[in-house]
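Biologist: I am new to reading protein models, and I would like to learn how to look at one step by step. Could we go through this one together?

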Amino acid sequence: MRPDPAGKAGPAAENSATPHDLPAAAVRIGGRGSALATFCDYMQKLQGIAVSPGVAIGEAMVVDTEGFRIPRRFVSRDAVEDELERLNGAMEAAGLEIETSRDAISRELGSQYAAIFEAHLQMLRDPRLRSEFDGMIR
């Protein structure tokens with residue numbers, strides 16, 4: 001057993017950490033410079049609203065919007081109708097894929113889990129969103 005910062009030894013000295021005190025607890029448990037201390041120095045706990053039951057622990061993917069730029073392109077007047085057709089085909093294909101996923105999840109897990117795909121379909125088929133896309137192409 002290791003002594004706590006006050007010099008006391010015992011199990012309480014090793015296991016007295018609170019979630020808010022994790023990096024300091026890692027130093028007490030693993031000692032300064034230990035892998036546990038280093039890991040806990042970089043660990044960040046995020047809280048939010050769960051969309052499914054249970055706990056997940058793993059690496060997070062940080063999406064950096066600073067390095068992601070969509071180039072602005074111009075469509076020649078004679079290609080506008082072709083581009084609108086391409087958009088229509090892509091949206092139909094995406095809709096069919098979402099419907100297939102929704103139906104498979106509904107059969108396997110139930111309609112409450114498939115509801116997220118229904119929300120995706122509603123966004124994809126939103127007339128205002130489609131109108132904005134058409135306007136950007138035109």
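**Reading a helical model**

Modeller: Let us begin with a packing, keeping in mind that this is a predicted model: the buried residues of helix H5 pack against helix H4, which covers residues 80-109.

Biologist: Which are the buried residues of H5?

Modeller: A residue counts as buried when its relative accessible area is under 20%. In H5 the buried residues are Ala114, Leu121 and Leu124.

Biologist: What does leucine 121 touch, once residues up to four places away in sequence are set aside?

Modeller: Leaving those out, leucine 121 touches Gly95, Ile98, Glu99 and Arg102. A helix has 3.6 residues a turn, so residues three or four places apart point the same way.

Biologist: How many helices and strands does the protein have?

Modeller: There are six helices and zero strands, so that, read from the N terminus on, the order of elements is α-α-α-α-α-α.

Biologist: What span should helix H5 have, and how far apart are its end C-alpha atoms?

Modeller: The expected span is 1.5 Å times one less than the number of residues. Helix H5 runs over residues 111-124, and because it has 14 residues it should span 20 Å, which agrees with the 19 Å between its end C-alpha atoms.

Biologist: Which residues make up the largest nonpolar core?

Modeller: To find such a core, one looks for buried nonpolar residues joined through side-chain atoms within 4.5 Å. Here the largest nonpolar core has eight residues, namely Val80, Leu84, Leu87, Met91, Ile98, Leu121, Leu124 and Ile137. The elements that give two or more residues to this core are H4 and H5, and H4 gives the most, with five residues.

Biologist: Where is phenylalanine 133, and is phenylalanine 133 buried or partly exposed?

Modeller: Phenylalanine 133 lies in helix H6, which covers residues 127-137. Because its relative accessibility is 30%, phenylalanine 133 counts as partly exposed.

Biologist: Which residues is phenylalanine 133 in contact with, apart from its neighbours within four places in sequence?

Modeller: With those neighbours left aside, phenylalanine 133 is in contact with Leu87 and Met91. In sequence, phenylalanine 133 and leucine 87 are 46 residues apart, while in space their C-alpha atoms are 8.5 Å apart.

Biologist: Finally, what can be said about the protein as a whole?

Modeller: Of the 138 residues in the protein, 15% are buried. The protein exposes about 11900 Å², and carbon and sulfur atoms supply 56% of that area. Among contacts with a separation of 6 or more, 38% join residues 24 or more positions apart.

Terms used: Residues are numbered from 1 along each chain as its sequence is written. This is a predicted model: local features need pLDDT of at least 70, side-chain atom pairs count only at pLDDT 80 or more; totals for chains, interfaces and linings use all residues. Side-chain values use heavy atoms; hydrogens and water are left out. Helices (H or I, at least four residues) and strands (E, at least two) are DSSP runs, numbered from the N terminus. Buried means under 20% relative accessible area, exposed over 50%, partly exposed in between (1.4 Å probe, protein chains only). Contact means heavy atoms within 4.5 Å. Accessible areas come from the Shrake-Rupley method with a 1.4 Å probe; for residues, only the protein chains shown count as cover.
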